[in-house]
Structure formats: C-alpha cells, structure tokens
Amino acid sequence: LGKVLFSLVMNLEPTVPLLLKAGCHVCSETFRDPVSLSCNHSFCSSCLKKFWEQTGNKNSLIDVAKHLGNLSFRVWEKMKDKVHFSPVILDPNTANRYLYLSDDLTSVRRGDTDQQLPDNLERNTEYSNVLGSEGFRSGKHSWEVEVGDHPHWTVGLVKESVERKGERKPSPEYGIWRLLHGDGKYTNGDGQTLTVKKSLQRIRVQLDYDRGEVSFYDPEDMSHICTLRDTFTEKLLPYFGVGKAADLLSLQNQL
C-alpha cells in the first residue's frame, strides 16, 4: 500500500492560542496581508502602516502587551462571529479509488492498487482527489492541513458542482481554487509559481466566502502564501489531492 500524505489539523472549540495565530494583534481581526516582524509577532500590513504613520518612526516598537490585553474576552468577542472553526471531515463517498482514508476520516494516503468502490455520482474517478463532507455558502472558515515532506499534493476548495468524472483543469475557471506542490515548486490556481521562504510543512486554508477570497498561509508564522479572488455562487467544499506516494509521515490531529 502507499504512504500517508497528510492529516487535517483541527480544533472543535477555538482557544486563545488558536485565535492568536489567526488574528492581528492590533485590530484583532483575521489577518489581511500579514507582516511578520523580527520579534516574531505578526500584524496586518495596514495596521502596521497606520501605527508607523501615527508615530512617525518606523523604528518604533508596537506595545504588543497592550494590544494583547484581556485576550479571553476582547479577541474572542471580536472573532467568534467572523471565523468559524470546525473540524473538516473527509467524505469517503467522494474519494478516488486509489485513496485510503483513516478510520476517523481526518487523513488520507494513496495506495498502489485501486479499491472496489461504487461509482456513485459524488466520487472523483478521473483524479486522485477527496472532498470534505461539509461545505460553506457564507462566512469565514479556516482549517489546517499537515503536508510534511510529501512531494505532490493539492489543497484548497472546489464548487459543489465541480466535474468529478471527466477531464478538467485545476483552475478557478473549472471551480477549483487551490495551492499545488509538485516537482519541488508551489503554484497557485492560475499556474503561477510562488516564492516561499522555506519548505512548507503545514498549510492553513482560509475562506472568506462573502469577500470571494481563498487564502493560504504558513501557520508556523502566519506568513502569507497567496490569495485567490473570485465571485462564489454556490456551496464550496474543502478539496485535497494526492500525488505520488512518499515515506510515512507522522500525523498530528490537534493544534
């Protein structure tokens, strides 16, 4: 059989550490074009620019402690109605026959032989993909995928009516908004090669349905990878693609 590709990283009930990683320390909102400083704190680029304009000195230090005060109330109250943290469970009825899902439906590996599975309408038969069991029609949603050192993977979202039996291109034109890793390169849904500081071990996928944005981040420092923008008109489902098998990877199912 093949090897483990990645596991979904989730948290049923958001905690303060999770919110810290997901939001700007100044405005407490979900990151918009985040910037990481040498102190390892991250801020929205607009918040940082506004701070520097107010102080008139780009060497000024932001009082992080001041902005982080009373996190359990201030940050949570601002974010709880804006970002919905929920477990992403894989839908076995959509899995390609070469894909093997874990018993808890939170990880997937690609095997060497296909399984005898029914050719139901939901199943992806042309490509090695599997979709999430729950979709989104509004709001903000975020989840993480541990990809490790696997040589070929795809994460993102697709529209519910995406082609599952025939040929298609993995692009917004076909209702697919994704980040791809293959041949040692990272590319977005438009086929553009992306520049990253280091090899990515985990990916945060962030959907803002109402703004028409699918963003990808490195959750280790919340550095921005890319954002795809479009107008969404139907339910979107989490999307995962598995390429060639790799060595066994350790699974991590909590933040």
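Biologist: Which residue does glutamate 160 meet in a salt bridge?
Modeller: In this predicted model, the partner of glutamate 160 is lysine 235, at 3.9 Å from N to O. The two sit in distant parts of the chain, 75 residues apart. Glutamate 160 is in the loop between β9 and β10, while lysine 235 is in the loop between β15 (223-229) and β16 (236-242).

Biologist: Is glutamate 160 buried, exposed or partly exposed?
Modeller: Glutamate 160 counts as partly exposed, at 34% relative accessibility. Lysine 235 is partly exposed too, at 22%.

Biologist: OK, and what does lysine 165 pair with?
Modeller: Lysine 165 makes a salt bridge with aspartate 119, and their closest N and O atoms are 2.7 Å apart. Lysine 165 lies in the loop between β9 (153-159) and β10 (176-182), and aspartate 119 in the loop between β6 (107-110) and β7 (129-131), so the pair ties together parts that are 46 residues apart in sequence.

Biologist: Why is aspartate 119 called exposed?
Modeller: Because its relative accessible area is 51%, and the exposed label starts over 50%. Lysine 165 has 29%, so that one is partly exposed.

Biologist: What about lysine 198, which residue is its partner?
Modeller: Aspartate 218, with the closest N and O atoms 2.6 Å apart. Lysine 198 is in the loop between β12 (193-194) and β13 (202-208), and aspartate 218 belongs to strand β14 (residues 213-218).

Biologist: Aspartate 218, buried or exposed?
Modeller: Aspartate 218 is buried, with a relative accessible area of 5%. Lysine 198 is partly exposed, at 35%.

Biologist: How many salt bridges does the count come to?
Modeller: The count is 10 salt bridges.

Biologist: Which residues are linked in a network of them?
Modeller: Lys140, Asp208, Arg211, Glu213 and Arg229.

Biologist: Switching topic: what's the mean pLDDT of the chain?
Modeller: The chain averages 75, and 65% of its residues reach 70 or more.

How values were computed. Residues are numbered from 1 along each chain as its sequence is written. This is a predicted model: local features need pLDDT of at least 70, side-chain atom pairs count only at pLDDT 80 or more; totals for chains, interfaces and linings use all residues. Side-chain values use heavy atoms; hydrogens and water are left out. A salt bridge is a side-chain nitrogen of Lys or Arg within 4 Å of a carboxyl oxygen of Asp or Glu. Helices (H or I, at least four residues) and strands (E, at least two) are DSSP runs, numbered from the N terminus. Buried means under 20% relative accessible area, exposed over 50%, partly exposed in between (1.4 Å probe, protein chains only). pLDDT is the predictor's confidence in each residue, from 0 to 100.
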